[in-house]
Every structure is written in structure tokens, then in C-alpha cells.
Amino acid sequence: QVQLVESGGGLVQPGGSLRLSCAASESIFNINVMAWYRQAPGKQRELVAFITSGGTAKYADSVKGQFTISRDNAKNTVYLQMNNLKPDDTAVYYCNAVDYRAATKYEYWGQGTQVTVSS
């Protein structure tokens, strides 16, 4: 059972930046996919970005060129650098881990961190 703990959320003005962190309770070196999702009030949870164990990163069209996902396997941590934030980026951001072992999918979620973009 992997525990994921997000941090780094908060209130920021439009155009500002935040870096979210997701610390895992054990090694993420072999975890297939680490991802960030977000859920805005009244909306469904959506995938923001993911990064594979091989380092391949993909982004939702809405955040391409604005957000950067990275992983530090030595620190068991995944980051989401968010730049030029907009009010539409306001949401609870969740860390997610997906691992496949012996053809079984294991999925873990963090508790979420609130990001509010407002002047």
C-alpha cells in the first residue's frame, strides 16, 4: 500500500506560480505511472499530467506549455510546476500512482491539495 501526500497548494494571484509535491511512502522507481489530477467545484476529476517510469511525460491540452511534471526517484517525490496560473486552474489537485504487478493493477491516491487562483 503506497501512501501519497501532496503539498504546495495555496492561494496565488493570476499569473503566479506554484509547485506541488507528492511524496510517496515507498520507492516510486518501479511505479509505472505517476500522475496529477484535478477536480474543480461541480466538475469531474480530470487528468492534468502523467509521467512514466521511463520519464515520458504527457499533458492535458489545457495545461500544455504551462505545467511541467517531473519525478525524483531518489526522493520518492513527484512534482507539478504550475506557471502563469489562471482562475480556471482553481481546483483540488490529487496525486495518483498506477502500478502493474503480475497483471494486476494497483492504484493509489493522495488526499489532495487545494489550489486557488484569485486576485
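Trainee: Which residue forms a salt bridge with Lys64?
Mentor: Asp61 does. The closest N and O atoms of the two are 3.1 Å apart. Keep in mind that this is a predicted model.

Trainee: Are Asp61 and Lys64 buried or exposed?
Mentor: Both are exposed.

Trainee: How many salt bridges are there in total?
Mentor: The count comes to five.

Trainee: What does Arg38 meet in a salt bridge at 2.7 Å?
Mentor: The side chain of Glu46. That 2.7 Å runs from N to O.

Trainee: And how covered are those two?
Mentor: Arg38 has 7% relative accessibility, so it counts as buried, the cut-off being under 20%. Glu46 is partly exposed, with a relative accessible area of 35%.

Trainee: Where does Asp89 come in?
Mentor: Asp89 forms a salt bridge with Arg38. Their closest N and O atoms are 2.9 Å apart. Arg38 lies in strand S4, residues 33–39, and Asp89 is in the loop between S8 and S9. The pair links distant parts of the chain, 51 residues apart.

Trainee: Is Asp89 buried or exposed?
Mentor: Buried, and Arg38 is too.

Trainee: Which residues make up the salt-bridge network?
Mentor: Arg38, Glu46 and Asp89 are linked in it.

Trainee: New topic. How many disulfides are there?
Mentor: One. Cys22 and Cys95 form it, with their sulfur atoms 2.0 Å apart.

Trainee: Remind me what kind of bond that is?
Mentor: A disulfide is a covalent bond between the sulfur atoms of two cysteines.

Trainee: Which hand does the link of Cys22 and Cys95 have?
Mentor: It is left-handed, with -80° about the S-S bond.

Trainee: What does the pair tie together?
Mentor: Cys22 lies in strand S3, residues 18–24. Cys95 lies in strand S9, residues 91–101. So the link ties together parts that are 73 residues apart in sequence.

Trainee: Are the two cysteines buried or exposed?
Mentor: Cys22 is buried, and so is Cys95.

Trainee: How many residues of S3 are buried?
Mentor: Five of its seven, so S3 is mostly covered.

Trainee: Which strands form the open sheet with S3?
Mentor: The order is S1-S3-S8-S7, four strands in an open sheet. The pairing is antiparallel.

Trainee: Which strands stand at the edges?
Mentor: S1, residues 4–7, and S7, residues 67–72. Each has a single partner strand, so one side of each is left without a neighbour in the sheet.

Trainee: How about the twist?
Mentor: It averages 15° from one strand to the next.

Trainee: How many bridges join S1 to S3?
Mentor: Four, and the two strands run antiparallel. Glu6 stands opposite Cys22 in S3. Cys22 is the residue that forms the disulfide with Cys95.

Trainee: And how many join S3 to S8?
Mentor: Six. S8 covers residues 77–82, and this pair also runs antiparallel. Thr77 in S8 is the bridge partner of Ala23.

Trainee: Last topic, rings. Which rings does the charged end of Arg45 sit over?
Mentor: One is the ring of Tyr94, with the charged end 3.7 Å from its centre. Another is the ring of Trp109, at 4.6 Å from its centre.

Trainee: How many aromatic pairs does the structure hold?
Mentor: One.

Terms used: Residues are numbered from 1 along each chain as its sequence is written. This is a predicted model: local features need pLDDT of at least 70, side-chain atom pairs count only at pLDDT 80 or more; totals for chains, interfaces and linings use all residues. Side-chain values use heavy atoms; hydrogens and water are left out. A disulfide is a pair of cysteine sulfur atoms within 2.5 Å. Buried means under 20% relative accessible area, exposed over 50%, partly exposed in between (1.4 Å probe, protein chains only). Two strands pair if DSSP finds at least two bridges between them. Axes are lines fitted to C-alpha atoms, for helices over the stretch in contact, and angles run from 0 to 180 degrees between N-to-C directions. Rings of Phe, Tyr and Trp (its six-membered ring) pair if their centres lie within 6.5 Å; planes under 30 degrees apart count as stacked, over 60 as edge-to-face and the rest as tilted. A charge sits over a ring if NZ of Lys or CZ of Arg is within 6 Å of the ring centre and within 35 degrees of the ring normal. A salt bridge is a side-chain nitrogen of Lys or Arg within 4 Å of a carboxyl oxygen of Asp or Glu.
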